[in-house]
Each structure stands twice: as C-alpha cells, then as structure tokens.
Amino acid sequence: MTKQHLHLYLAAPRGFCAGVDRAIKIVEMAIEKWGAPVYVRHEIVHNKFVVDSLRDKGAIFVEELAECPDDRPVIFSAHGVPKSVPTKAQARNMIYVDATCPLVSKVHIEAERHHKNGLQMVMIGHDGHPETIGTMGQLPEGEVLLVETPDDVKTLRPRDENKLAFITQTTLSVDDTAEIVTALKSRFPNIIGPHKEDICYATTNRQEAVKAVAPTVDALLVIGAPNSSNSRRLVEVGAKAGCKYSQLVQRANDIDWRALDGIKSIGITAGASAPEILINEVINAFEQRYDVTREIVETAVENVEFKVPRVLREAS
Ligand code: SF4
C-alpha cells in the first residue's frame, strides 16, 4: 500500500533548555560523586522519561525533605525551592545541591532586592506550580501576592499601591503575561518590574517557533508532560496561532491517529523538559505511517549553557 504524503514541520528551537540540561547533569554527577542513592526533592524536571532514567541510575524522588535521610545527598529540582528548604537541610547537616535553574534564581534575587527596598511583590504565575511556590517562598508570607489572570489584578489588595513590584514565573505564555502586565500597570502606574517580564529565553523561543509553524499546519503535536508548564503553554500558543488540532503527547504511544486522519501537514515541537529521544520516537512513528517530507522551521539559534555547581566540578 502506498503511503500518503505528509509534510512534517519541525519547530526549532524545541526540547531541552540549558536549565534542564544542567539539572539532569547535576543528578548524574551527584550519583557519580557520592554513589547511589541520591535523593531528589520533586521531579528534577517535569518529564517521566527523564525521571525514570535517573531513577534507574540511582536517584530516589521524594516530594519533601522530611522523606530524605540525613546521611544521603539531596538535590533540589530545577523549579526552585522556598528558602525554608535549604535552611532545614543545613539544620540537619545534609549534603544538598541546588539544581534551581539560574534563570529562576535570578527571579528569586530580584524579589529579594525589591523586598529589601520596601516593596511588596506581585507574582504572575500558576498557583501550586513548584516554581511559584519556590519563588513566593523566598520572602515572608504575605509579601508576595499571586495573580494568574488580568481579572485577578482587579481584586488585588496591596499594602501600599505605590510600593509594588512584579515578577513572573519563567514558563508562562508571553502574550497572556503581557496582558496581565498591562492590567497591573494600568491599575498601579508606579509598579516596578523587569524590562518585559521574567519569562526565560527558552520559553520565549519555543513559543515563537510554534507561532511560525502553527498557522500553516493541519495539526500540531507538543511533546511534553501534562505537568510541564512550558509544554502546556506551547499547546495553547499553537491553538491561539490558528492550529485547529493542537495537542500534548508524552510520547508516540499517545498519538491519536484517528484524530489525525486526512491531515496533509503536521507540526512537531517539544517542551523544555522533553528529551530528543522522545521527539525522534514521534517522528519515526509518522515516518512509519506516512511518506514524510521533513522541514525545520528555525526562528532562533540557542547557545546558552549553565555550569553545574562547584561542588560537583571538584574531583570526588
Ligand atoms: S525553561 Fe527556562 S527557566 Fe525553566 S529550566 Fe529551562 S531555561 Fe530555566
């Protein structure tokens, strides 16, 4: 049977970012340095495949520090942790390595600087996401007010409307965040903030690439985990950019082939925590069913790299 032709547009950049790459290396190097098991507080990055492979190498994933023994090293995930977490680890004399992405740490520092200057913070982020919990946990309770939508801005009750600054989660939708920032600036004209927002280069670049692909394809698949904020934003950005079928898949097994029946073109991208091996698996699945012409749609070139903490660079 002859295969139907399919034009496959591969968005670039896609997949792993420098922060995810660094966090995974930190766990691998920690296991090499201290031997297994090494504990990891929360999924090091939001991807089951990555977590399972690290588990096979000797990582034990837990949600809270209280679940770790005192005498084994613990790694804090790329999303960042509230200040109380390293404080508790120190009090227990534990070895810990912080795999918080340096771009998330930058937001933590920003929040602290504003706090020292007497400003109350407004954080644009998703309630309950570990990055939001970590960033809000840099300051005492009540010092960071969370907003998720422009409507939330209307009901904010700050201590002093003239002493406010805003920060954002790094993995938000650039366009949705711009709306919230506009709402904040219009209600609180003296609010201080970063130049645009704190959304990181990787999130921004992946969303731009999706915007270039989505309007021209019959369907868009985003490879990523359901709890990955930046992957879910890519699905939304794809739909907003005009793609009628924009879906999240964790790997090839999740593809709903019936829903894709009759398509002539497909766009493929991946969230910042999805490894290339899963992207290739999805592409291969299409190549088995279709006569595929591949085209890369590249909207930015990335060459960001972050060093691992010194403790891991030192010889064992
Ligand atoms: S998505 Fe951005 S902030 Fe998050 S780990 Fe990657 S580079 Fe860092």
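Ala, Val, Leu, Ile, Met, Phe, Trp, Tyr, Cys and Pro count here as nonpolar, Asp, Glu, Lys and Arg as charged, and the others, Gly among them, as polar. Keep that scheme in mind for each lining below. Note too that this is a predicted model.

Begin with the largest pocket. Its volume is about 230 Å³. It is lined by 14 residues, and those closest to its centre are D98, T100, S105, H108 and Q138. By class, the lining of the largest pocket splits into 5 nonpolar, 5 polar and 4 charged residues. Helix 4, residues 102-116, gives the most to this lining, with 5 residues.

Now turn to the second largest pocket. This one has a volume of about 180 Å³. Thirteen is the count of its lining residues, and F16, C17, A18, E302 and V304 are the closest to its centre. The lining of the second largest pocket holds 7 nonpolar, 1 polar and 5 charged residues. Two helices each supply at least two residues of that lining: helix 1 (18-34) and helix 8 (201-213).

Rolling a probe the size of a water molecule over the atoms shows where empty space is left. How many cavities of 30 Å³ or more does the count give? The count comes to 1. The largest cavity has a volume of about 290 Å³. It is lined by 24 residues, with C17, V20, H79, T171 and N230 the closest to its centre. Helix 1, helix 4, helix 8 and helix 9 (229-240) each give two or more residues to this lining. The largest share comes from helix 8, with 3 residues. Sorted by class, the lining of the largest cavity has 12 nonpolar, 11 polar and 1 charged residues.

What takes up the space of the largest cavity? The ligand does. Around the ligand are C17, G19, V20, C101, L103, V104, T170, T171, C200, Y201 and A272. Two elements give two or more residues to this shell, helix 1 and helix 4. The shell divides into 8 nonpolar, 3 polar and no charged residues. Domain 2 (18-101) and domain 3 (103-187) both give residues to the shell, so the ligand lies between them.

In an unreviewed entry, the UniProt annotation "binding site" covers H46, H79, H129, S228, S229, N230 and S273. Which of these residues does the lining of the largest cavity include? The lining includes H46, H79, H129, S228, S229, N230 and S273. H79 is in the loop between strand 4 (74-76) and helix 3 (84-91). S228 is in the loop between strand 9 (219-223) and helix 9.

Finish with the backbone. Most residues other than glycine have a negative phi, and most peptide bonds are trans. The peptide bond from A12 to P13 is cis, with omega near 5 degrees. P13 sits in the loop between strand 1 (4-12) and helix 1. Another cis peptide bond joins A36 and P37, where omega is about -5 degrees. P37 is in the loop between helix 1 and strand 2 (38-41). H42 is found in the loop between strand 2 and helix 2 (48-57).

Conventions. Residues are numbered from 1 along each chain as its sequence is written. This is a predicted model: local features need pLDDT of at least 70, side-chain atom pairs count only at pLDDT 80 or more; totals for chains, interfaces and linings use all residues. Side-chain values use heavy atoms; hydrogens and water are left out. On a 1 Å grid over the protein atoms alone, a cavity is a set of points where a 1.4 Å probe fits but cannot get out, and a pocket is an open set with protein on both sides within 12 Å along at least five of seven lines; lining residues have an atom within 4 Å of a point. Grid points are joined across faces, edges and corners, and a volume is the space filled by probe spheres set on the points. Helices (H or I, at least four residues) and strands (E, at least two) are DSSP runs, numbered from the N terminus. A residue is near a molecule or strand if one of its heavy atoms lies within 4 Å of it. A molecule sits in a cavity or pocket if more than half of its atoms lie within 2 Å of its grid points. Domain bounds come from an automatic or database domain assignment. UniProt positions are given in the numbering used here, feature names are shortened, and annotations may be inferred rather than shown by experiment.
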